[in-house]
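Hi,

Here is the structure I promised to pass on.

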Amino acid sequence: MRRNIILISILLCGMVLCWILYPDRASSGPYLDSAHGNTSYGVKRSATGFPADYAKGNCAHCHEQHASIGGAEPDPAGGPDKFLLMSPNFSGKTVIPYIQSDSVCFYCHYGSGTLQSPAFNNYSYSITFGGNPDATPNNIFNTFNSTSYHNLYDVYRFIAGLSGSKSFPNFPADSNPCSGCHNVHIAKKSCGKPAGSYDPTKSAISRPTGHDSLWGDDDIERLKTNFTSYYQSPYWYGSWNYEPNNSPVYDGSNLPDYNTFCTDCHNNTNIIYSTALGRYLRAIDWVTPGGETGGDKHGKNDATNGIDIDNPYASSPLGISVGFVLACTDCHEPHGAPNVMLIRQVVNGGVLYRTISSVTPTAGDCTPPFPAGSKELGYLCNRCHMDDADAFGGTANKWCYIHHESTDRPYPLNQCGFCHSGGDGGGGGGESMSCETVSRNPINCNCCHFHGSDDNAAPDGRRTNRRTF
Amino acid sequence: MTSKVRKTIIIISLVALLTVVLTYGIADAKVTGPCSNCHTMHNSQQGAHMQYLAPGEEDIGPKGALLRGTCLGCHTATDGSTWKSSITGAPIVFNTSEPVFNEAKGLAAGNFYWVQTEDTKGHNIFSQDSKLSVAPGDMGFSGCGTNNCHTNFHLAVSGTGNPALDGKQGCTKCHMVNTVGPKGFHHKDDGTGTKYVDTAEKGWYRFLEGHMSGSGHGVAGIEDDDWQYTYSSTDHNEYLGSQVSGGYGFGGLGNTMTAYCTGCHGVFHDNQGTASPWLRHPSDKILPTSGEYAAYTTYDPLVPVARPSSFDWEGGPSSMVSGTHGDMVMCLSCHRAHASPYFKMMRWDYRGWPGSGATNGCNVCHTSKN
């Protein structure tokens, strides 16, 4: 009898459950954890015709289901637009200056005139993760309208498979170029501004090969993991602490593996056209060791003999003196930069001495004997490498020591004329010389130093065939 | 078989039977019962009128077809707990107090209580909408007369030259549009219980005749026996949908719910596109079978889908959702037809999400966007 009562009770309970249970709701997803879906600082459109009472983070701030609300389209008008967006996804503008309507993202990631309420700032990598005390640019739009910028047209065409070649599936033909690196529905606010807000478990980026997940938010997606014991974080601006958050962490364990991220596109097989440069970008092999037959020495390849470097590398807590692997973002901005080639304004704890306005050699610059060439690139190099000022108190951004006196020097000091033009203090004849006394015209750094370079530009008989980047 | 086992089987059977009995409602679309429930010969009984008056109604005079009330007179309750008239069996679509009889706070199409709290929450059949002077998304059709359905609900249509349309007001601007008087539909015999209704002879689904697909068309679907007073993945209405290939206009969708809605709101999905990237949220588009959409597999009455003509319509409502089988997003996936507690007649608090912390129905399909 008791058994039957138990049985009946179980069945009745099941019956009640059947009555009261509602269908399963959707499982939790990542949008509410994203920056755009955040209920405190998520998307919030403030525009003519847009109701003020849509909750922060609501879909309607970016998407208009019927291209209208209450029978009329709020600003920005002119729809309907693809993906139900409030404006065209991307205008197809080939070069700067961009205007706000060139990308739907710019409607909010903009300075004065942003549709986001309240207005907010997004700073450059140098400011946010390098400690640059400068306060400008303070938004993504202005950052893109810089001397150099990640050309949105080129990015769009590349990820959509309309240009070049790549190793990941095409993005949809109407993609926003920003989506190559960001998934707006999952991107998080990792941030370093204001100071102390950096959270390495959050990430704003997604690999082009893995658009549906964040990159860098998990331990296994950090530089330390993928470049074990070879990544030394550069200094935070004006500090003995390190990027990306002015902390004592020095090994990249708190930094997304930007190398793996960037080389989804910028590797040694993809073909990427640059409208601004008017040529295909150089291939970048950041991962192949092997000495002079390997890839870039700033990547996983090693120095030939040694390197003359500044701190923190010279006395790295990693306990190594060669073999460092840099992160792409140690030198480059992701969106735009005041220097050419997206070179950061602040590198390894300090501001570049001068703006780098040009590195590309002009005709004849790289034909020996080399005419006087630009060494603006040196303003970047000497943030980590020892120039003559560092080596013996000589002239800043003069590079005689490294090239001619260091134990790792590739060229003798007393054969100036094979390569250099002009100058005094001897040369070409084998007489006793030193970098403290010799003066010759500089050679354009870019003749020998660029991604994938060797010293092929050097004259016959003086060429070392070393990897020179 | 031992007597103990036999006893156990009998008990299980009884409980199962009880389950069926308790969860299976009886409802007739064809009005049944004494004629006097709805009709009165003299509109007088012991000197008193016989009219069912909805709040605000004062006309106690006789009505056409000897009826005892207007639409609202029969389909209104002056409390928040009544979902079906105890006299006529009519579904209550207007409670004068907040509906509390189920979690949806209304039957399947919602409850007109909500439009009285805020115009944006429903089709205002009571008075001039304070926000709208024309149906949003109206295609701009002409020739529908003065005070036509696209303009308002509360005033009577005139000047159409169509005797079936002239005089239509309120509810009848959607229900029984092309019929003179309600008789033609209330007396149609479409069976009992939860059943498929797909012809004029059966009175169409919920008496929705016309509209975008034109004369001779209506809405086809499975009518839940209690109008979704109770609802679950297996207990709900079903709606016919039809995906049109080769571009999107909705005029030729046939007897679908979406075709009906777009009679007034056609622009909402005009030129929506044929595939992603959509220009407007697609309607009557088969759910993708991949990505986040593939996770919507169990029917959620909060976010209903339309079914293709190949659906097993006589088999009753299905608990399954599958793009592979042609299930579609449609207007009612997001909106309730009468009114809802939420802005724009949404089925959930879309405007307040995510701050409200409430369920966002968008996530039922967009499963990775919550």
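This is a predicted model: local features need pLDDT of at least 70, side-chain atom pairs count only at pLDDT 80 or more; totals for chains, interfaces and linings use all residues.

Chain B overall: its secondary structure comes to 6 helices and 8 strands, and along the sequence they run α-α-β-β-α-α-β-β-β-α-β-β-β-α. Of the 370 residues in this chain, 51% are buried. Among contacts in chain B between residues at least 6 apart in sequence, 51% join residues at least 24 apart. The chain exposes about 16,100 Å², with carbon and sulfur atoms supplying 57% of that area.

The buried set consists of B:M257, B:T258, B:A259, B:Y260, B:T262, B:G263, B:C264 and B:H265. These buried residues pack against β5 (238-240) of chain B.

Next, B:T120, which sits in the loop between α3 (113-117) and α4 (183-186) of chain B. With a relative accessibility of 10%, B:T120 falls under the 20% cut-off and therefore counts as buried. Its side chain makes a polar contact with the side chain of B:E118, at 2.4 Å. Setting aside neighbours within four places in sequence, B:T120 touches B:K131, B:Y342, B:F343, B:K344 and B:M345.

Now the rings: there are 33 aromatic pairs over all chains. In one of them, the ring centres of A:Y353 and A:Y379 are 6.0 Å apart and the planes meet at 45°, so the pair is tilted. This pair links distant parts of the chain, 26 residues apart: A:Y353 is in the loop between β6 (350-351) and α8 (378-381) of chain A, and A:Y379 is in helix α8. A:Y353 is exposed at 61% relative accessibility, whereas A:Y379 is buried at 10%.

B:F112 and B:F126 form another pair, with centres 6.2 Å apart and planes at 90°, so this one is edge-to-face. B:F112 is buried at 5% relative accessibility, while B:F126 is partly exposed at 24%. Ring pairs also link A:Y98, A:F106, A:Y110, A:F141, A:F144 and A:Y149 into a cluster.

Lastly, the surface: A:I271, A:Y273 and A:Y280 make a nonpolar patch of about 290 Å². A:I271 lies in the loop between α6 (258-262) and β2 (273-274) of chain A and is partly exposed, with a relative accessible area of 40%.

Definitions and conventions. Residues are numbered from 1 along each chain as its sequence is written. Chains are lettered from A and ligands numbered from 1 in the order in which they are written. Side-chain values use heavy atoms; hydrogens and water are left out. Buried means under 20% relative accessible area, exposed over 50%, partly exposed in between (1.4 Å probe, protein chains only). Helices (H or I, at least four residues) and strands (E, at least two) are DSSP runs, numbered from the N terminus. Contact means heavy atoms within 4.5 Å. Patches are made of residues with over 30% relative accessible area and no salt bridge: like charges are joined within 9 Å, nonpolar side chains (Val, Leu, Ile, Met, Phe, Trp, Tyr) within 5 Å. Accessible areas come from the Shrake-Rupley method with a 1.4 Å probe; for residues, only the protein chains shown count as cover. A salt bridge is a side-chain nitrogen of Lys or Arg within 4 Å of a carboxyl oxygen of Asp or Glu. A polar contact is a pair of N or O atoms within 3.5 Å; within protein, one must be able to donate a hydrogen and the other to accept it, and residues adjacent in sequence count only if both atoms are side-chain atoms. Rings of Phe, Tyr and Trp (its six-membered ring) pair if their centres lie within 6.5 Å; planes under 30 degrees apart count as stacked, over 60 as edge-to-face and the rest as tilted.
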